[in-house]
Amino acid sequence: MNTITFEEKDVYLLSGPATIEVDDGEIDVVGARLQNGDKIDIPTGKTLPVEALSASSINLHQENGEEPEKLGERTIPDDWDELVNEMKQNPPEVVLMLGEMDSGKTFFSTYVTNQLLEVDDSVSVMDCDLGQTDIGTPGTVGLATVETPTTALDNVGWDVLSFVGSHSPGLHMVPFLSSIRSLADHALEHTDSLMVDTTGWVQGDGGRAVKQGKIDMLDPDYVVLLQKDRELEHLVKTVPDDRIRRVTVSDKVQATPPSERQSLRERNMKQYMKDAKQHTINLRETATERIFFNTGEPLELDQPGVLRAENLSGFEGILVIKDTDFNSEVMRELAEEYGNVRTVEPGFEKGILVGFADDRNRCYGVGVVEEIDYEDLTISVHTPLENPGDFARVQFGSLRYTPTGEEHGFVEPGSM
Amino acid sequence: MTYQESDVVDIVDRVDGILDEDHSPELKLQLIQETINLYHKVPLYPGIAEMVSHNLLEETSFDELNLEEYVSISSNGEVHSGVINEIDNGEIHVKNIYSEDNKIVRISKSDIDQIRKINEEALADDWPELDFSEETTSQ
C-alpha cells in the first residue's frame, strides 16, 4: 500500500489494476467525487487522473507498482464542467455524444454519468461501439444502468444487449439503428437519463448516414460534439442550435493502435466465453434470423447430397444445403426451375457469432456456432447462457470466433 | 442504407480503375480476381479491401521469385504475365493461365527489365488483425 498526500488541485495519473481508498479530504476520479472512507477501483489497462478537490490523502493499493505521475494541470477541460453543471441543473432525458475515434468519448461519458449521479439515483448508458465495447460483448449494442460512480464503464456490467453481429455498423445499418431505438425505449422505462456513447465513424456517406439516423431515432435533448476543431459540425446541420453542446477533446487522450483494438476486443470476448458450455437448440421451436436458412418452405430436391432445401420468397429463389458438388448441368436445371440458387456446404456455419434474443429483439447473450444438423434442424452453440434454447430467436452475425472467444474471420451477410 | 453508403461501391470503382490502368489484359484480369478475393476475405470492410488492392502489385527481383507466384515481367519491350512454372539456370518459365493453351514463355534473367509480382500477403501486411486466411464454403 502506498499513501499519497495531495495539495488542493493536485492531479496524479494512476494506473490500474489498483484500488483507491480516501483517507482524508475529497478527490475526483472521472467525475466521481470520493470522500473519507470511499473506495474505487482502477481497472487493468486504464490510467486515470485523480484530482484533489481539497487537501487530501489516499491509500493506493496497486498491483503493478507503477509510480503515480504528478501532472502540472487538470486533464478535464473546463467546458466539460460547464456542461455537466448545466445538465445537473436541468437533467436531460437523452444525451447523444459524438466524437471521432480516439477522442475520449467513453471517458467523457463516464465523467458525465458520474456527475449526473450526484442529482439522480441512476443513469442509463448505451454503448454503441460494436468492437472495442465497454458495455456488452463485441458485436452488440449494450445498455447498462449505473447506480454508483465508476472509473470505467466496463465495470458496470449490462442490463440488456441488442445484437448487430459485426464490429462495424457498415453493412448492418438497419439492425444497428433499430437496436439503438429499442434499447433507448428500454432505458427510459427504467431511468430518467440516458447517455448514448457512439462509434467514431463520423465521416463519409456511411458515417454521416449512421449519425443522422441516431439523431432522428433518438431525438436527443443534447447532441454533444467532442471535437478538437470543427470536425463534427457537418453532422448537426439539421439539429436546432439550442440542443448542440460543444466540448473540447482532452489533450491527454491517447490513440489506440489497431492491433491493441483487436486484443481489447478479444479480451472482452474471451472473458465472456470463459465459462461457455455447448448446448443444442431445436430450430423447430427457435426462429433463426438474419439468414435465409430455416426461413423458407421445405423443398424436396431429387439430387444426391442434399441435406435440406428450402423455397425462399419470390426472387430469392431456393437455398440448398448439400455435401456434394453440383455439376453445371444440375445448377442450370435448378436455376431454370427456381431462379436464384443459393448453396451452402455443411460446416460453413462453424464459428459464426450468434445472439439470443426475446420476441422484442432484446438480446441477453451471445454464442459461437459449433454446427447445425440440417436434417434434424438443431444447432449446437457454445455460450455461457444457461438456457439458450429458451429464447425466441437465434440471430446470426457476420463474425467468426473460436469457442474460446478468439476472432476467426468474417461471414458475408446474406451468405446462408 | 443505400448501396453508396456501404463502401461496396469502392470495390466497383477499383475494378473500373484497374481496367483503366496500364497493364497487360492478363494482369488486369488477375488484379481484378485478387481484388475480389480481398473483398471475400474482409466482406464487412469493402473500403479496406479497396485500399489494400492498391498494394497488390509490388516490384521484386529475379532472386526473390518463387514457384506459383503471379508475375508480370517486362523483357525486351514486351510484357509477359502469368504464374511461375519453373525457375531454372537463370531462366524463368511463365505460364499464361488466361490463354486457352496455357502458353509458357521462357525468359532469361539477363533479358529482364522489370519484375512485378502479386503480393498474396497484402492484407496481412497492411491489416494483420483482419487477415484470417480462412476459406469459406458458400457459393
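Analyst: B:Lys109 has a relative accessibility of 39% and counts as partly exposed. In this predicted model, B:Lys109 forms a salt bridge with B:Asp63, with 3.2 Å between the closest N and O atoms. The two residues come from distant parts of chain B, 46 residues apart: B:Asp63 sits in the loop between strand E1 (57-60) and strand E2 (70-75), and B:Lys109 in the loop between strand E5 (104-108) and strand E6 (112-118). B:Asp63 counts as exposed, at 63% relative accessibility.

A:Arg265 and A:Glu407 form a salt bridge whose closest N and O atoms are 2.6 Å apart. A:Arg265 belongs to helix H5 (residues 258-273) of chain A and A:Glu407 to strand E27 (residues 407-410) of chain A, so this pair ties together parts 142 residues apart in sequence. Buried means under 20% relative accessible area; A:Arg265 is buried at 11% relative accessibility, and A:Glu407 is buried at 8%.

A further salt bridge in chain A joins A:Arg360 and A:Glu189, with the closest N and O atoms 3.9 Å apart. Because A:Arg360 lies in the loop between strand E23 (352-357) and strand E24 (363-373) of chain A, and A:Glu189 in helix H3 (residues 173-190) of chain A, the pair ties together parts that are 171 residues apart in sequence. Both partners are partly exposed: A:Arg360 has a relative accessibility of 48%, and A:Glu189 has a relative accessible area of 49%.

Salt bridges also link A:Glu51, A:Arg74, A:Asp78 and A:Asp81 into a network. Over all chains, the whole structure has 22 salt bridges.

The interface of chain B and chain A has zero salt bridges by the rule applied. Two residue pairs are in polar contact across this interface, both at pLDDT 80 or more. On the side of chain B that touches chain A, helix H2 (residues 25-41) of chain B gives the most, with three residues. The residues on that side of chain B comprise 10 nonpolar, seven polar and four charged. In total, 21 residues of chain B and 29 residues of chain A take part in the contact. The two chains bury about 2200 Å² between them, 59% of it on carbon and sulfur atoms.

Notes:
Residues are numbered from 1 along each chain as its sequence is written. Chains are lettered from A and ligands numbered from 1 in the order in which they are written. This is a predicted model: local features need pLDDT of at least 70, side-chain atom pairs count only at pLDDT 80 or more; totals for chains, interfaces and linings use all residues. Side-chain values use heavy atoms; hydrogens and water are left out. Contact means heavy atoms within 4.5 Å. Buried area is the accessible area (1.4 Å probe) that two parts lose on being put together, summed over both. A salt bridge is a side-chain nitrogen of Lys or Arg within 4 Å of a carboxyl oxygen of Asp or Glu. A polar contact is a pair of N or O atoms within 3.5 Å; within protein, one must be able to donate a hydrogen and the other to accept it, and residues adjacent in sequence count only if both atoms are side-chain atoms. Helices (H or I, at least four residues) and strands (E, at least two) are DSSP runs, numbered from the N terminus. Ala, Val, Leu, Ile, Met, Phe, Trp, Tyr, Cys and Pro count as nonpolar, Asp, Glu, Lys and Arg as charged, and the others, Gly among them, as polar. Buried means under 20% relative accessible area, exposed over 50%, partly exposed in between (1.4 Å probe, protein chains only).
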